[in-house]
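I opened the model today to look up a few points. My notes follow in the order I checked them.

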Amino acid sequence: MKRGKSSTEVSEAIRHFIRSGELLPGMHIKQEDWARRLGVSRVPIREALGMLESEGLLLHEPHQGYSVAAPSESEVKQLYTLRRLMDREIANHLVWPDQTAIAELRVVFDEAEKALSDGNIVQWLSCNDRFILNVYALCPLEIIVDQAMKLWHRTETVRAGRIRYE
């Protein structure tokens, strides 16, 4: 990653490493190491970590720093219950997509199909995120969509198969 990348780009890079399993639940994230690795200053790293903490994907402990969140089974059940309720409401208020939006969804769907056939689960998860977020964008209920997106991001480690419960 080149210098000058935004905190949003850095947060997406860190999300990719969580999705790929390089960063697992409970692992600590050292700002200096990630700044060096991504080729950026500590400022966008610190901002990205704060963004990911606000989503619930990371935890911050004073004097210990950031680590990847490991939600309990009860927390995961509650997150998915809330998502199910919000997704139902979002689905009830979706605006039918125009041809451009349908074409964009088709491109993402095709990329996901290719990733799946190639066995590239990380790419498939990324496509899945893009598809869901594109569908959410078709709903005019901005507050509910915003909260649903936060829940979606918060379940990253679960969706990536990094946390499993019996």
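How many residues lie between strand 2 and strand 3 in the hairpin? I find three residues there. The model is predicted, so I treat every value here as computed.

**Entry 1: the turn**

I looked at His63, which sits in the loop between strand 2 and strand 3. Its phi is near 65°, a positive value in a residue other than glycine.

I went through the pairings one by one. Strand 2 and strand 3 (residues 65-68) pair over four bridges, in the antiparallel sense. Within this pairing I noted Glu61, whose bridge partner in strand 3 is Gly65. Strand 1 and strand 3 also run antiparallel, joined by two bridges. Here Ile29 stands opposite Tyr66 of strand 3.

**Entry 2: helix 3**

What is the length of helix 3, from its first C-alpha to its last? The helix has 13 residues and reaches 18 Å, close to the 18 Å expected at 1.5 Å a residue. I listed its buried residues: Pro44, Ile45, Ala48, Leu49 and Leu52. Seen down the helix axis, the buried residues fall within an arc of 135°, so they line one face of helix 3.

I checked what that set packs against. The partners are helix 1 (7-20), strand 1, helix 2 (31-38), strand 2 and strand 3. After helix 3 comes Gly56, with a positive phi near 90°.

**Entry 3: salt bridges**

I searched the whole structure and got 16 salt bridges. I followed the ones around Arg19. The side chains of Arg19 and Asp129 meet in one of them, at 2.4 Å from N to O. This pair links distant parts of the chain: Arg19 is in helix 1, Asp129 is in helix 6 (residues 121-136), and they are 110 residues apart.

Are these two residues buried or exposed? Arg19 counts as buried, at 5% relative accessibility. Asp129 counts as buried too, at 5%.

Arg19 has a salt bridge with Glu156 as well, with the closest N and O atoms 2.9 Å apart. Glu156 lies in helix 8 (residues 156-159) and Arg19 in helix 1, so this pair ties together parts that are 137 residues apart in sequence. Glu156 is at 0% relative accessibility and counts as buried.

I then moved on to Asp129 and Arg159. Their side chains meet in a salt bridge of 2.6 Å, N to O. Asp129 is in helix 6 and Arg159 in helix 8, so the pair ties together parts 30 residues apart in sequence. Arg159, at 16% relative accessibility, counts as buried, because the cut-off is under 20%.

Which residues do salt bridges with shared partners join into one network? I wrote down Glu12, Arg15, Arg19, Glu55, Asp129, Glu156 and Arg159.

Conventions
Residues are numbered from 1 along each chain as its sequence is written. This is a predicted model: local features need pLDDT of at least 70, side-chain atom pairs count only at pLDDT 80 or more; totals for chains, interfaces and linings use all residues. Side-chain values use heavy atoms; hydrogens and water are left out. Two strands pair if DSSP finds at least two bridges between them. The expected span of a helix is 1.5 Å times one less than its number of residues. Buried means under 20% relative accessible area, exposed over 50%, partly exposed in between (1.4 Å probe, protein chains only). The arc is that of the directions from the helix axis to the C-beta atoms. Contact means heavy atoms within 4.5 Å. A salt bridge is a side-chain nitrogen of Lys or Arg within 4 Å of a carboxyl oxygen of Asp or Glu.
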